[in-house]
Amino acid sequence: MRLAPLPLLLLLVLAACAAPRETSEPPADALPIRAAASVPPLAWLVDRVGGDRVETAVLIPAGASPHAFEPSPRQVAAVVAADLFVAVGDPDFAFEARLVDRLLGEREDDAAEPEVVKLAAVAASAADDDALDPHLWLVPRHLESAASAIADALSDLDPEGEAFYRANFEALDAELDDLDDELRQHLGGFAGGSFYVEHPAWGHLAAEYGLTQVALEEEGKEPRAGRLVEAIEAARRDGVRVVLVQRGVAERAGRTLADEIGAEVVEVDPLAYDVAANLRRVSEVLQRAMGRSGG
């Protein structure tokens with residue numbers, strides 16, 4: 001048999017190498033784990049622990065009001081398809097009580113049950129939970145507990161990534177320890193002090209660091225006129241310099257109180273994604289709000 005001339009043979013080989021090859025879809029277990037969180041700060045925890053091995057969807061965006069928010073079809077689909085769902089889990093967090101159980105119940109009958117981490121189940125509060133608002137994620141110690149549970153859940157879903165998740169958790173845990181030390185240093189000189197807010201979102205933070213949150217809102221509604229007058233008088237006696245209001249929540253009473261006593265109005269968002277940076281900012285605001293420098 002005659003061989004093809006070398007240049008022609010070389011061309012045929014090169015053409016064969018360059019020809020497109022059929023590819024198959026990557027196996028499902030090679031895809032990032034699908035996670036969903038009810039609020040942005042919990043999504044931040046998942047992202048910090050899971051890194052690029054996890055894709056995280058969040059049900060309610062920062063700045064939105066949990067009392068009125070309705071998720072989009074895309075957000076609903078993300079929760080329904082999630083391998084891991086991270087929730088606050090407090091029965092008083094009406095947003096979850098209204099939506100999350102229903103959404104998780106929309107999964108196909110033969111779909112695997114997702115791993116579920118509930119912050120309220122893993123975080124030990126510094127005070128009587130029944131007396132506080134459901135914003136448990138605003139305490140570094142609680143975040144550490146949730147991050148540990150998230151690392152465990154991701155390791156169960158993805159055993160090959162266990163060392164990765166554990167290393168990420170340990171780095172985050174050290175950061176949150178440092179954050180707790182900072183807050184204790186900056187707020188320690190205010191023990192027993194009070195700060196005024198429109199919406200009661202900071203009760204766990206206050207309890208953790210020996211402060212008192214004075215909320216103007218009454219049972220989710222703006223205060224009665226008599227209650228507002230009492231609050232104005234008390235704030236004037238306390239020498240309040242700053243009143244905290246929340247984006248997406250009624251803030252008329254807070255602004256009225258501030259106008260009456262000559263205080264500054266500062267907008268804060270308990271749903272901010274980067275909860276560590278947010279707590280540092282709020283700490284600075286609280287120092288101004290209570291009117292003296294911390295130790």
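In this predicted model, the side chains of Arg 184 and Asp 180 meet in a salt bridge, at 3.0 Å from N to O. A salt bridge here is a side-chain nitrogen of Lys or Arg within 4 Å of a carboxyl oxygen of Asp or Glu. The structure holds 12 of them. Residues are numbered from 1 along each chain as its sequence is written. The model is predicted, so local features need pLDDT of at least 70 and side-chain atom pairs pLDDT 80 or more, while totals for chains, interfaces and linings use all residues; side-chain values use heavy atoms, with hydrogens and water left out.

**Salt bridge within a helix**

- Arg 184 and Asp 180 both sit in helix α7 (residues 162-187), four residues apart, or about one turn of the helix.
- Helices (H or I, at least four residues) and strands (E, at least two) are DSSP runs, numbered from the N terminus.
- Asp 180 counts as buried, at 14% relative accessibility.
- Arg 184 is partly exposed, at 39%.
- Buried means under 20% relative accessible area, exposed means over 50%, and partly exposed lies in between (1.4 Å probe, protein chains only).

**Salt bridges between elements**

- Glu 264 forms a salt bridge with Arg 288, with the closest N and O atoms 3.1 Å apart.
- Glu 264 belongs to strand β8 (residues 264-268) and Arg 288 to helix α11 (residues 275-289), so this pair ties together parts that are 24 residues apart in sequence.
- Glu 264 is partly exposed at 38%, and Arg 288 is partly exposed at 39%.
- Shared partners join Arg 141, Asp 180, Arg 184 and Glu 208 into one network of salt bridges.
- Asp 83 forms a salt bridge with Arg 34, at 3.4 Å between the closest N and O atoms.
- Asp 83 lies in the loop between α3 (73-81) and β3 (84-87), and Arg 34 in strand β1 (residues 33-37), so the pair ties together parts 49 residues apart in sequence.
- Both ends are partly exposed: Asp 83 at 23% and Arg 34 at 43%.

**Parallel sheet**

- Four strands form an open sheet in the order β2-β1-β3-β4, with parallel pairing.
- β2 (54-58) and β4 (115-118) are the edge strands, each with a single partner, so one side of each has no neighbour in the sheet.
- Neighbouring strands of this sheet are turned by 20° against each other on average, direction ignored.
- Axes are lines fitted to C-alpha atoms, for helices over the stretch in contact, and angles run from 0 to 180 degrees between N-to-C directions.
- β1 and β2 pair in the parallel sense over five bridges; pairing requires at least two DSSP bridges between two strands.
- Ala 36 has Ala 57, in β2, as its bridge partner.
- Helix α2 (residues 40-50) packs on the sheet and touches β1, β2 and β3, and its direction makes about 175° with that of β2.
- Contact means heavy atoms within 4.5 Å.

**Nonpolar cores**

- A nonpolar core is a set of buried Ala, Val, Leu, Ile, Met, Phe, Trp, Tyr and Cys residues joined through side-chain atoms within 4.5 Å.
- The largest core has 71 residues; among those with the most contacts inside it are Leu 42, Trp 137, Ile 150 and Phe 195.
- Helix α6 (residues 140-157) gives the largest share of this core, eight residues.
- Leaving aside residues up to four places away in sequence, Trp 137 touches a set including Val 39, Leu 42, Phe 93, Leu 143 and Val 275.
- A second, separate core of 15 residues includes Ala 231, Val 243, Ala 253 and Ala 263.
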